[in-house]
Amino acid sequence: MIKRFLIIFILFLSKINSQSIVNERAKWFISDRFGMFIHWGLYSGAEGIWKGEKVRYNNDYAEWIQYRNQIEISEYLELSKRFDWENIDPEKWVLLAKKAGMKYITITAKHHDGFALWNSESSDYNIYNYSNPKRDIIKELSLACKKHGMKLGFYYSHWTDWEHPFSWDNSKEIYWLDKKNYNIYWQEKVMPQMKELLSNYGEISLIWFDMWLHHEETIVSKEQLFQLKNLIREMQPNCLINSRLGLSIDEDKDVDFRTLGDNQLGKYKYEYPWQTPATVAHSWGYNKNENEWKSTTSILRSLIGNVSLNGNLMLNIGPTSNGSVPYEIEKRFDEIGNWLSYYGKSVYNAGAFDLRNDLHDWGLTTYKKSKNGKKYVFLNIFDNQPGDIIKFTGITESPKKIKLLSKNSKIDLKFDFNTAVTSIKIPKKLPNPYVNVVEMEFNERPKVDLNLVAKTKNGGYALNYSNAMTKKGKSIINGSKRFGSIPFNIEVKDSLILKWKVFVEKPSCYSIDTSYNFQKKITNGYLSIEVNNEEFKHKLEYSGKTVGEPNQDWMIDRFHSFRLGQIKFDSPGFYFIELKIKANPQNPIQWQWLWLDEVVDKI
């Protein structure tokens, strides 16, 4: 399925900038990178509490309170009386987004509760009929966005609607719903309301749907989704549509960007546009008992992390019933916006660089081509104590200039280029408390060696399954278990050969360690390490047991580190490290890593 997905994107979408699979409509999307999500509706008046009881379900999503707490519609509508209708000002949300450095806004025009935030002629269940004075929040927000140059998008819950008798809610898993009746809801509410949103509020930059399942797993038909998609293309041809519409790319190539799971950050580099919907705290709608606020540092790292993999971040706010935003959100948005005003070069119109995203332990890399044709590689330094020298591994040509970005000016940095490693001298005191940015300038996109493993800050090479340049043989990938007390490992029942490539900058000596779990006391299994034409053979040893958590009957297999020997590199250059693991089905080994650690006193 994944291969087919990528092939179809490649065939049907055009190339642009650093991302190779982007259609014309989505050019602004991969340039802007950062947007605001707004969850606001009747549920904002409940504040996560109904008749003294918190929202049922431990995720505490306040916007789900009507369904979770089984609130009748007549009572749910009473929440409208808790709103300060005269003082709610959507323009403040737009100004907050601008202050935070966001480029687009997506608001819950209709969430799962079915309540429309505009004066809908298709359904009386809308804000205009239950506000005093009467308000059309969508109209007011659209005017504010136009005034301040902010792109506007609408969240619309098409699959689920807890108000319409023929729509879907999860209780229909018990009480059957006829597809013909569901189509009545579709034709009398979904399609007319979408026509209203696409007709009455100017240019719409995106429609954000929220069906997280493929349509074959739902009551929605393929024909209904194509009807909805075609309506958008007819009325607003430049409007983006996200993958939660519910159509797979196999069925329709006309999907503009992929939406990951809620708060699911990127792990892989994609050439097509994608986005993470994320929260500042935990709940999406306002919850007065919220206490899980993300830090400014973690949000910036999430944004940069996504950009480094060609992705976007859409960060949610949940305003209160008077339209205000909690202090924690305002504070973080102010800090994020301040950072972006000085360091946004590494985010806006930037994307992934060619090297592996997890290559360096000091942070992440982004890349962009400027309007004047210059090429920039940005080193986004997450480490608060990176040392006096930053090692950048993988680029095989010297940069033209290297500068440290700061609030007042760019600071020229001294650097030394050695074949595939650029050593950059940085100040002991860095200018930013969150993320610092080093700008490397090139005349052309620099050439790279994709196979290298970078040296860590502490002077070693961490070699594992994921950064091996070649893999031969059969193995089983085991994820971490029991809260990580059993670590990620590679299980070998026969044989496995892994190979890595490193660049050694000077004559040096390294110790070689490996970590594994092996539960047999007698075996003919072994590990063999070949480095620089020298072989180190290690017979597998019983690693024993340990306790994962005290006083909880938590006995687990022990992953133990074993010293294999020392290797001397007489000259600088590229070297290959090859690991051979030999075991058998009766005596499997669970292997973790190799660690090459520089031995300073042996040089």
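The legends below describe close-up views of a predicted model.

Residues are numbered from 1 along each chain as its sequence is written. In this predicted model, local features need pLDDT of at least 70 and side-chain atom pairs count only at pLDDT 80 or more, whereas totals for chains, interfaces and linings use all residues, and side-chain values use heavy atoms, with hydrogens and water left out.

**View 1. The aromatic pair of W159 and W212.** The whole structure holds 34 aromatic pairs, where rings of Phe, Tyr and Trp (its six-membered ring) pair if their centres lie within 6.5 Å, and planes under 30 degrees apart count as stacked, over 60 as edge-to-face and the rest as tilted. The rings of W159 and W212 are edge-to-face, because their centres are 5.1 Å apart and their planes stand at 70°. W159 is buried at 7% relative accessibility, whereas W212 is partly exposed at 43% (buried means under 20% relative accessible area, exposed over 50%, partly exposed in between, with a 1.4 Å probe and protein chains only).

**View 2. The aromatic pair of W362 and F392.** This pair is tilted, with 6.2 Å from centre to centre and 40° between the planes. W362 is buried at 5% relative accessibility, and F392 is likewise buried, with a relative accessible area of 0%.

**View 3. Lysines over tyrosine rings.** The charged end of K103 sits over the ring of Y348, 4.5 Å from its centre, and K537 lies over the face of Y526, at 4.3 Å from the ring centre. A charge sits over a ring if NZ of Lys or CZ of Arg is within 6 Å of the ring centre and within 35 degrees of the ring normal.
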